[in-house]
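Here is a colleague's note for someone opening this structure for the first time. Please read the points in order, with the model on screen.

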Amino acid sequence: MATAQSGTGRTITTRIPARLDRLPWSRWHWSIVIGLGTVWILDGMEVTIVGNIAARLSEPGSGLPITSGEVTGIAAALYVTGACAGALFWGRLTDIYGRKKLFLITLAVYLGATALTALSFDTWWFFLFRFLTGFGIGGEYAAINSAIDELIPAKYRGRVDLLINGSYWLGAVGGALLSIVALNTSIFPADVGWRLTFALGAVLALVILLVRRHVPESPRWLLIHGRDDEAERIVGSIEERVTAEEGKELPPAADEMTIHQRTRTTFTEIARTVFARYRRRSTLGFALFIGQAFLYNAITFGFGAILTQFFDVPSGNTGYYFAVIAAGNFLGPLLLGKLFDTVGRRVMISGTYVLSGALLFGTAWLFDRGSLTAATMTACWCVVLFFASAGASSAYLTVSEIFPMETRAMSIAFFYAIGTAAGGISGPLLFAELTNTGKVGDTVLAFQIGAGLMVAAGIVAAILAVNAERRSLEDIATPLSAAEPQQAAARS
């Protein structure tokens with residue numbers, strides 16, 4: 001690694017990004033996936049539990065003076081509002097202070113807030129800590145996706161990112177099954193079972209926090225922030241472990257880059273990068289996030305209410321149905337993820353969005369005709385969400401890889417917050433209002449809105465998606481700190 005002095009800081013030439021990208025898959029990479037990716041399981045569990053316990057919380061003896069509509073509407077919207085605010089707040093700090101500090105802090109915030117949710121004694125307390133739980137989760141999205149993309153080799157980045165974001169649905173399966181047990185009044189009193197579900201989330205978060213302490217800081221972030229010696233030690237240690245596991249020397253890393261180190265990036269630079277240099281990519285990010293956020297937040301928070309309202313499914317049994325569609329959601333990224341690295345981003349992103357939207361229109365038509373039962377409705381949703389889940393996960397992958405290193409966490413936070421605010425706050429409120437009327441036509445309208453937004457986002461992706469498969473992050477979007485000749489690259 002060569003260094004030189006610059007008027008604004010050191011200028012260094014390094015092969016560290018190329019060294020990380022040329023690594024074969026190893027046990028060390030699995031440790032990163034487990035240490036960082038498992039938090040989505042908690043998020044999935046949180047959202048699913050709230051959706052499934054809504055009916056029980058509104059019943060006498062639950063210990064809270066709250067209605068089902070307030071749980072699936074106001075509390076859901078507050079959770080998403082907290083996530084949006086947390087993403088922006090923690091996202092900025094992630095770019096300034098590093099990935100590791102923030103993914104430890106944000107998980108601790110989540111842990112404390114979800115534990116205090118379990119102690120809710122009044123509606124305002126429940127609302128407050130749903131907001132703060134979301135506030136912690138929102139920061140996780142920026143810190144975790146940044147760290148994962150910067151540590152995973154380019155060849156595997158798409159499928160790994162989709163798998164990790166799709167693991168949300170493993171948590172949904174767990175949350176659905178857990179709610180079945182927790183809501184069984186022959187096992188737990190009505191005012192105790194739902195509290196234990198939140199308490200378990202806090203316990204799992206503590207375990208993940210202990211594992212996560214061993215995940216290193218992103219060497220890419222260290223390089224830009226003047227800590228290249230530390231970056232060199234981390235990458236050298238990783239290479240030693242992978243070499244020992246492989247039993248042979250690693251291939252040489254040919255590509256190098258020169259960067260001017262800096263301490264932070266201003267909001268002006270971030271705005272100029274997102275809204276001027278990468279206008280088309282920004283349009284893509286907005287479209288993908290708004291489409292998936294409305295569909296998922298609206299339906300996830302309201303699915304239990306649909307089953308009880310229209311199909312007379314007992315509130316204690318909704319978890320069985322949700323476990324089925326959650327499994328379908330996880331299988332989508334699991335089985336389709338590799339295609340995002342082989343067939344390519346543009347085809348797969350646009351295809352999954354458009355196909356899931358079209359299938360949702362078909363489901364709405366069948367529901368409107370009265371052709372569905374609780375079982376067949378669940379089967380339809382399972383098919384729709386198999387494709388929608390892969391598409392939704394690709395939204396996070398997209399915004400985490402198409403903007404420069406210095407703005408990565410803030411870009412993830414920004415698009416997540418804006419897209420989720422548009423679809424994730426209005427979605428639960430609108431969907432709760434529509435389903436609570438008890439009119440089939442109102443629920444069909446909600447389905448059609450979600451389907452229309454997914455199809456529209458797919459069309460945008462077909463036109464604007466970036467061919468990022470198997471390319472280094474620095475090739476997709478040259479760092480703002482890169483030497484001038486490299487700054488002209490990848491400005492689409």
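**Notes on the model**

1. Start with a charged residue. Glutamate 474 has a relative accessible area of 13%, so it counts as buried. Keep in mind that this is a predicted model. The partner of glutamate 474 is arginine 220, and the two form a salt bridge. Their closest N and O atoms are 2.6 Å apart. Glutamate 474 sits in helix α19 (residues 473–476) and arginine 220 in helix α10 (residues 219–224), so the bridge ties together parts 254 residues apart in sequence. Is arginine 220 buried or exposed? Arginine 220 is buried, because its relative accessibility is 2% and the cut-off for buried is under 20%.

2. Now put that pair in context. The structure holds 19 salt bridges. Another one joins glutamate 245 to arginine 27, with 3.9 Å between the closest N and O atoms. This pair also links distant parts of the chain: glutamate 245 belongs to helix α11 (residues 228–246), arginine 27 to helix α2, and 218 residues separate them. Arginine 27 is exposed, with a relative accessible area of 59%. Glutamate 245 is partly exposed, at 28%.

3. Look next at glutamate 230 and arginine 227. Their side chains meet in a salt bridge, 2.9 Å from N to O. Glutamate 230 is partly exposed at 25% relative accessibility. Arginine 227 is partly exposed too, at 33%.

4. Some charged residues join in a network. Which residues are linked by salt bridges in this way? They are Arg157, Arg159, Asp341, Arg345 and Glu401. Select these five together when you view the model.

5. The largest nonpolar core has 136 residues. Within this core, Phe126, Phe311 and Trp381 touch the most other members. Helix α16 (residues 374–401) supplies the largest share of the core, 14 residues.

6. What is phenylalanine 126 in contact with, leaving aside its neighbours within four places in sequence? The list is Leu57, Leu64, Ile66, Ala75, Thr117, Ser120, Trp194 and Phe198.

7. A patch of about 580 Å² is made by Trp30, Ile34, Leu200, Val203, Leu204, Val207 and Val211. Two helices, α2 (27–37) and α9 (193–212), each supply at least two of its residues. Which helix gives the most to the patch? Helix α9 does, with 5 residues. Isoleucine 34, one of the patch residues, lies in helix α2. Isoleucine 34 counts as partly exposed, at 48% relative accessibility.

8. Check the aromatic rings. The whole structure has 28 aromatic pairs. In one of them, phenylalanine 414 and phenylalanine 415 have ring centres 5.5 Å apart and planes at 80°, so the pair is edge-to-face. Phenylalanine 415 is buried, at 0% relative accessibility. Phenylalanine 414 is partly exposed, at 22%.

9. Both rings are part of one aromatic cluster, along with Phe275, Tyr278, Phe286 and Phe403.

10. Finish with the backbone. Most residues other than glycine have a negative phi. Aspartate 312 is not a glycine, yet has a positive phi of about 55°. Where does aspartate 312 lie? Aspartate 312 is in the loop between α13 (279–311) and α14 (318–342). Aspartate 312 is exposed, with a relative accessible area of 66%.

11. Arginine 470 also has a positive phi without being a glycine, at about 60°. Arginine 470 is found in the loop between α18 (440–464) and α19. Is arginine 470 exposed or partly exposed? Arginine 470 is partly exposed, with a relative accessible area of 48%.

Definitions and conventions:
Residues are numbered from 1 along each chain as its sequence is written. This is a predicted model: local features need pLDDT of at least 70, side-chain atom pairs count only at pLDDT 80 or more; totals for chains, interfaces and linings use all residues. Side-chain values use heavy atoms; hydrogens and water are left out. Patches are made of residues with over 30% relative accessible area and no salt bridge: like charges are joined within 9 Å, nonpolar side chains (Val, Leu, Ile, Met, Phe, Trp, Tyr) within 5 Å. Accessible areas come from the Shrake-Rupley method with a 1.4 Å probe; for residues, only the protein chains shown count as cover. A salt bridge is a side-chain nitrogen of Lys or Arg within 4 Å of a carboxyl oxygen of Asp or Glu. Helices (H or I, at least four residues) and strands (E, at least two) are DSSP runs, numbered from the N terminus. Buried means under 20% relative accessible area, exposed over 50%, partly exposed in between (1.4 Å probe, protein chains only). A nonpolar core is a set of buried Ala, Val, Leu, Ile, Met, Phe, Trp, Tyr and Cys residues joined through side-chain atoms within 4.5 Å. Contact means heavy atoms within 4.5 Å. Rings of Phe, Tyr and Trp (its six-membered ring) pair if their centres lie within 6.5 Å; planes under 30 degrees apart count as stacked, over 60 as edge-to-face and the rest as tilted.
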